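Please open the structure in your viewer and keep the selection panel at hand. The tour below goes from one selection to the next.

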Amino acid sequence: MTTTGPTPPADAGDRPAAADRPAAADGSVRADRLRRLADARLYLCTPRRAEFGPFLDAVIGPAGRGGVDLVQLREKSLEWADEVRGLREIQAAGAGRETLVSANDRADLAAFTGVDILHVGQDDVPPAFARRLVGPDVLIGQSTHSPEQFLAALADPDVDYVCVGPVHATPTKQGRPPVGLGLPRLAARHAPPFEPGAKPWFVTGGVGPDTLDDILATGARRVVVVRALTAAEDPAAAAAALARRLRTASSGSACGT
């Protein structure tokens, strides 16, 4: 697949595609990303916004203090160069703080920017082909909306984590009917969170302070948020509170269930 776009921004640098860059001989880049993914609980999807850097600093929080573990830039209307700049901003904000950075849908952007993750939906590039484009070090996540899709993603060796949902109706997923809490219950049975060898999965759709307890009751221990942080009056406090509740739930139950 060949993707064309505007001339990259001057500060992007000339980077070969990930598939053309040699992977670390010992697999250390991928291993480190998988380690951070395994420990992650709180995943933010966000568009660019005014004062984007300060917002990112606030929700990621100081190293070791608890906040957002993964950040995905999700704004489908962005031009290619603007999306590169947005991903660079997230990379800069997360540097030194263990934060994983995800491109949404676009394997070319993931390869060019060297982000940690490429996230794809059911109608996007198939994970096996995405792997050929981004190389072995970039992690691949996939959205699922039914038991069949979840189980297929769980068994797919090219998928490193799975999202399940939306469990509640949400304006960020217009036209996508909510799947309810049955899907995360099924996910918890097939891949108990934090059990050795279990593939990580995240609940999406209307996740926030008021819905989190019901989501945790399904056995879920990882979530994706949007408006819970992007619309929060105090994003730093909101991120810290959600992260604290997720880590408390994980530490208070065997294998996260």
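Is F202 buried or exposed, and what is its relative accessible area? Select F202: the residue is buried, with a relative accessible area of 0%, where buried means under 20% relative accessible area and exposed over 50%, with a 1.4 Å probe and protein chains only. This is a predicted model, in which local features need pLDDT of at least 70 and side-chain atom pairs count only at pLDDT 80 or more, while totals for chains, interfaces and linings use all residues. Residues are numbered from 1 along each chain as its sequence is written, and side-chain values use heavy atoms, with hydrogens and water left out.

Y43 belongs to strand β1 and Y161 to strand β6 (residues 161-164), so the pair ties together parts 118 residues apart in sequence. Y161 and F202 are also edge-to-face, at 5.6 Å centre to centre and 80° between the planes.

Now select R49 with F55, where the charged end of R49 sits over the ring, 4.0 Å from its centre; the criterion is NZ of Lys or CZ of Arg within 6 Å of the ring centre and within 35 degrees of the ring normal. Finally, select R222, which lies over the face of F194, at 4.0 Å from the ring centre.

How values were computed. Helix = DSSP H or I, 4+ residues; strand = E, 2+ residues; numbered from the N terminus. Phe/Tyr/Trp six-rings, centres within 6.5 Å; stacked < 30°, edge-to-face > 60°.
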